[in-house]
Amino acid sequence: MAVTKIKGVSSLGGGKYEELVIDGVVNTNGDLEVDSLDVDGVVTINGKVDSKSFVKIDGVVTLNDKLRAKTVDVDGVVTIHGNVEADKVKIDGVVNAKGQVSADLVESHGVFSAEEVVGDKVIIHCEKRNKHIHNLFGFGRKERKDLPK
């Protein structure tokens with residue numbers, strides 16, 4: 001299998017890639033068709049991502065269209081301005097999906113926001129161990145304290 005590696009600061013046109021590995025600051029223009037995508041960096045994708053296998057994100061990604069893959073694994077921070085379609089979505093980082101997330105299994109141990117979630121099995125683990133993260137992203141209970149008169 002041919003591996004395409006992008007390291008450093010770069011831009012990438014859309015197209016077909018077997019295994020695409022991005023490690024750096026990259027801006028893509030156009031749809032990406034990949035067997036697999038592995039991102040560890042700061043990436044903006046201006047197009048759709050269609051993966052035959054997996055999409056692994058450890059960096060900060062903005063996807064300005066839809067994402068389709070068998071498995072989506074997020075340990076980083078992702079904003080998706082389209083729908084997500086997968087067999088399995090696993091979130092240990094932060095995901096903000098502006099569209100629908102649809103998968104057979106959706107499991108989140110991180111911070112997860114979506115317009116709509118559809119799945120055979122949806123597991124959202126909620127723990128109060130890091131209240132600062134929850135408050136930073138607008139989650140959790142807010143307490144109001146009135147000022148003294």
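Biologist: Which residue does Arg68 form a salt bridge with?

Modeller: Arg68 pairs with Glu85, and their closest N and O atoms are 4.0 Å apart. The pair links distant parts of the chain, since Arg68 is in strand β6 and Glu85 is in strand β8, 17 residues apart. Keep in mind that this is a predicted model.

Biologist: Is Arg68 buried, partly exposed or exposed?

Modeller: Arg68 has a relative accessible area of 34%, so it is partly exposed. Glu85 also counts as partly exposed, because its relative accessibility is 45%.

Biologist: How many salt bridges are there by this count?

Modeller: The count comes to seven salt bridges. One of them joins the side chains of Lys56 and Asp75, at 2.4 Å from N to O. Lys56 lies in strand β4 and Asp75 in the loop between β6 and β7, so this pair ties together parts that are 19 residues apart in sequence.

Biologist: And Lys56, is that buried or exposed?

Modeller: Buried. The relative accessible area of Lys56 is 17%, and the cut-off for buried is under 20%.

Biologist: Which residues are linked with Lys56 in a network of salt bridges?

Modeller: The network links Lys56 with Asp58, Asp73 and Asp75.

Biologist: What about Asp92, which side chain does it meet in a salt bridge?

Modeller: Asp92 meets Lys90, with 2.8 Å from N to O. Asp92 is partly exposed, with a relative accessible area of 32%. Lys90 counts as partly exposed too, at 27%.

Biologist: Back to the loop between β6 and β7. Where does Gly76 lie?

Modeller: Gly76 is in that loop. Its relative accessible area is 7%, so Gly76 is buried.

Biologist: What does Gly76 touch?

Modeller: Setting aside residues up to four places away in sequence, Gly76 touches Ile57, Asp58, Gly59, Gly93 and Val94. The C-alpha atoms of Gly76 and Lys56 are separated by 9.2 Å, and the two residues are 20 apart along the chain.

Biologist: Let's zoom out. How many helices and strands are in the protein?

Modeller: There are one helix and ten strands. Along the sequence the pattern reads β-β-β-β-β-β-β-β-β-β-α.

Biologist: How much of the protein is buried?

Modeller: Of the 149 residues, 36% are buried. The accessible surface comes to about 8800 Å², and 48% of that belongs to carbon and sulfur atoms.

Biologist: What is in the largest nonpolar core?

Modeller: That core has 33 residues, and Leu20, Leu37 and Val89 have the most contacts inside it. Several strands supply at least two residues each, including β1 (3–39), β6 (67–74) and β9 (94–108). β1 gives the most, with ten residues. As background, nonpolar side chains in soluble globular proteins tend to be buried together.

Biologist: Take Leu37. Which residues does Leu37 touch?

Modeller: Beyond four places in sequence, Leu37 touches Leu20, Ile22, Ile45, Val49, Phe54, Val55 and Lys56.

Biologist: Now a glycine in another strand. Where is Gly14?

Modeller: Gly14 is in strand β1. Gly14 is partly exposed, at 37% relative accessible area. Apart from its neighbours within four places in sequence, Gly14 is in contact with Asn29, Gly30, Asp31 and Leu32. The C-alpha atoms of Gly14 and Asn46 are 8.7 Å apart, and 32 residues separate the two along the chain.

Biologist: How many contacts join residues that are at least 24 apart in sequence?

Modeller: They make up 2% of the contacts between residues at least 6 apart.

Biologist: Last topic, confidence. What is the average pLDDT of the protein?

Modeller: The average pLDDT is 88, and 84% of the residues score at least 70.

Biologist: Where does pLDDT stay under 50?

Modeller: Over residues 131–142, where the model has eleven contacts beyond four places in sequence. Where pLDDT is low, the predicted coordinates should not be read in detail.

Key: Residues are numbered from 1 along each chain as its sequence is written. This is a predicted model: local features need pLDDT of at least 70, side-chain atom pairs count only at pLDDT 80 or more; totals for chains, interfaces and linings use all residues. Side-chain values use heavy atoms; hydrogens and water are left out. A nonpolar core is a set of buried Ala, Val, Leu, Ile, Met, Phe, Trp, Tyr and Cys residues joined through side-chain atoms within 4.5 Å. Buried means under 20% relative accessible area, exposed over 50%, partly exposed in between (1.4 Å probe, protein chains only). Helices (H or I, at least four residues) and strands (E, at least two) are DSSP runs, numbered from the N terminus. Contact means heavy atoms within 4.5 Å. Accessible areas come from the Shrake-Rupley method with a 1.4 Å probe; for residues, only the protein chains shown count as cover. pLDDT is the predictor's confidence in each residue, from 0 to 100.
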